[in-house]
Amino acid sequence: MDKDSANRPNIIGGGEAGVAISVDMDKNVVHQTNSLFWDTKGSDILGATSLPLYGAFVTEENCQLFGDVSGKKMLEIGCGSGQSLQYLGERNAAELWGTDISENQIEKTRQHLTACGLSAQLICSPMEDECGIPEDYFDFVYSVYAIGWTTDLEGTFSRIASYLKKDGVFIFSWSHPIHKCVAVEDNKLVFKKNYFDESWYSVSLGESTLTLSDRKLSTYVNALSKAGFVIEQMIEQSDDEIIQSCDDNNDFANKAKMLPVTFVIKARKL
């Protein structure tokens, strides 16, 4: 890791959190760092985003991207604590599968689903790696605020395409890249980062460390196209009703009125 690189602020969630230190991307090091983060303090620090929420101010209830999932086979990439799988299981999905890089998160998912009277095939693995998931099998593959953790976006999208049946649907959400560039200061939006900078960085949050790259929106779109997907819908506007329910002094909500903080893409395998 290149600790001598220039530091810059990092935007996480609603505001600035820690200082981002540019690093060289080593897949194994990134996996070790991020799996440790989620095995220990990840959920406590960043919280858990799950359906019906796609992220800040965007909901499935409003977007209706899944439609009727009765009898459908579902795979979640980055299943976290299992709430999204629960959401779909309670809507009569036929099969639930989930992957996560963290053994701790996998165990949380297993316990949570068992308590809800549901079951799922759960696999602990980086999303980029071959891990025994069946090909041409799923009706839906989805990822709620997890896909951005991949070290290989094109490879991950290619694997996801292989899991889906023909005409299968891939839905994913992540922090909008423009949101990661802009912070609120004295009631003004201030650019803190170059939108085109996709370099890898590490951030220390308390005693924990995470490693990420902020990709351009076009990087996601082009990777989907290369993997054989066609985009059917993209959501980047926040839900006004949710924003209006927030306090007038909520900087994050006020920011969401002026620029996108979450994006969601629904794509279909050709």
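## Cavities

A cavity is here a set of grid points where a 1.4 Å probe fits but cannot get out, and its volume is the space filled by probe spheres set on the points. In this predicted model, the second largest cavity holds about 30 Å³ of space. A search of the whole structure finds 2 cavities of 30 Å³ or more. The largest cavity has a volume of about 50 Å³.

The largest cavity is lined by I77, T99, P126, M127, D129, C131, I133, T156, I160 and Y163. Of these lining residues, 7 are nonpolar, 2 polar and 1 charged. Helix α6, which spans residues 153-163, supplies the largest share of the lining, 3 residues. The lining of the second largest cavity consists of W174, S175, P177, K180, D214, R215 and Y220. By class, that lining divides into 3 nonpolar, 1 polar and 3 charged residues.

## The seven-stranded sheet

An open sheet is formed by 7 strands in the order β7-β6-β5-β8-β9-β15-β14, with mixed pairing. Its edge strands are β7 (121-124) and β14 (229-235), each of which pairs on one side only. Direction ignored, neighbouring strands of this sheet are turned by 15° against each other on average.

Strands of a sheet pair through backbone hydrogen bonds, either parallel or antiparallel. Strand β6 (residues 95-100) runs parallel to β7, and 4 bridges join the two. T99 has I123 of β7 as its bridge partner. T99 is also among the residues that line the largest cavity.

## Helices on the sheet

Helix α5 (residues 103-115) lies across β6 and β7, and the helix runs at about 170° to β7. Helix α7 (residues 217-226) also packs on the sheet, where it touches β9 (164-175), β14 and β15 (262-269). The direction of α7 makes about 145° with that of β14.

## Aromatic pairs

The count of aromatic pairs comes to 19. One of the pairs is formed by W38 and W149: the ring centres are 5.5 Å apart and the planes stand at 75°, so the pair is edge-to-face. The cut-off for that class is planes over 60 degrees apart.

W38 belongs to helix α1 (residues 27-39), whereas W149 sits in the loop between β8 (138-144) and α6.

Strand β10 (residues 182-185) and strand β11 (residues 188-191) run antiparallel and are joined by 4 bridges. E185 has K188 of β11 as its bridge partner. The two strands form a hairpin with 2 residues between them. In the turn, D186 has a positive phi of about 50°.

Leaving aside neighbours within four places in sequence, Y195 is in contact with P177, I178, C181, K216 and L217. Of these contacts, P177 is also one of the residues lining the second largest cavity. The C-alpha atom of Y195 is separated by 27 Å from that of N249, which is 54 residues away along the chain.

How values were computed. Residues numbered from 1 in each chain as written. Predicted model: local features only at pLDDT ≥ 70, side-chain atom pairs only at ≥ 80, totals over all residues. Heavy atoms only, no water. 1 Å grid on protein atoms, 1.4 Å probe; cavity = no way out; pocket = protein on both sides within 12 Å on 5 of 7 lines; lining within 4 Å. Nonpolar A, V, L, I, M, F, W, Y, C, P; charged D, E, K, R; others polar. Pairing = 2+ DSSP bridges. Axes fitted to C-alpha atoms, helices over the stretch in contact; angles between N-to-C directions. Contact = heavy atoms within 4.5 Å. Phe/Tyr/Trp six-rings, centres within 6.5 Å; stacked < 30°, edge-to-face > 60°.
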